[in-house]
Amino acid sequence: MSERRACRLIGLARSTNRRELKACGDDEIRGRLEQLARERQRFGYRRLTALLRREGRKVNHKKIYRLYHAMGLAMRRRIRRHAPRRLTPPTWEKVGLTRPNQRWAMDFVSDTLADGRTFRALTVVDEFTRESLAIEVDTSLPGLRVIRVLEKLFAERGRPEEIRVDHGPEFVSRALNACCEQHRVLLRFIDPGRPMQNGFVESFNGRFRDECLNANWFLDVRSARRTIESWRLDYNSQQRCPSRLASPCKHVVAQHNLK
């Protein structure tokens, strides 16, 4: 049977049949992908694809997914068996964020040092830019320490319109309430037992624990501060949502500063 007739019967163009397959050149991408995966062990294939694209490589996420699993870079993660109950957000929750310093969120994260002592970390996040504004680390973080962190941020970055917190004892203190009233900042509390209403900082805390706290062994508070601050700066420069890092966001920030 001739080639012409065979191609006609199966519906294949002869030019496609004669086309020679070229090598994909995956060796270079494999090497760089493995290097990035070793540097950032908790990154999935999508975030590794974003890092490769930032380096100027034109890669498809499907190809990176194939290489990612073929090289055994995927890490097993525990999956929740029960999905959380979905709640209708309050009216103020539905208001879209349009500029930096419109709403901040605060929460606490705890971890253990090498000698068994427990330390705490106060995380402050801007919900519009998703930027980590501060991570204060110490064995004890009372309400006055929280106020000191906020006043420092107010002086460096300006005051937000509101700050969202839970009902922790440091947040419900009279001193913090008086500080927010003095600076004309609305202190907004979520409903008790509903951490999903503070989803931005909860999501950040999950990434913070997965990529920093669980990946490092802290000998003392001083080393914990250095490592966590280094991770925070890297998060702000490399790991935030790409859409928030685009030029329109910078334009909005410039307009907000002019106001």
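**View 1. D166 in its loop, with I190 close by in space.** D166 sits in the loop that links β4 (162–165) to α7 (174–182); helices (H or I, at least four residues) and strands (E, at least two) are DSSP runs, numbered from the N terminus. This is a predicted model, where local features need pLDDT of at least 70, side-chain atom pairs count only at pLDDT 80 or more, and totals for chains, interfaces and linings use all residues. Residues are numbered from 1 along each chain as its sequence is written, and side-chain values use heavy atoms, leaving out hydrogens and water. D166 counts as partly exposed because its relative accessibility is 23% (buried is under 20% relative accessible area, exposed over 50%, partly exposed in between, with a 1.4 Å probe and protein chains only). I190 is 24 residues away in sequence, yet the two C-alphas are 5.4 Å apart.

**View 2. Helix α8, end to end.**

**View 3. R8 on helix α1.** Which helix holds R8? R8 belongs to helix α1, which runs over residues 3–10. R8 counts as exposed because its relative accessibility is 57%.

**View 4. L9, also on helix α1.** L9 lies in helix α1. L9 is exposed, since its relative accessible area is 59%.

Conventions: Expected span 1.5 Å × (residues − 1).
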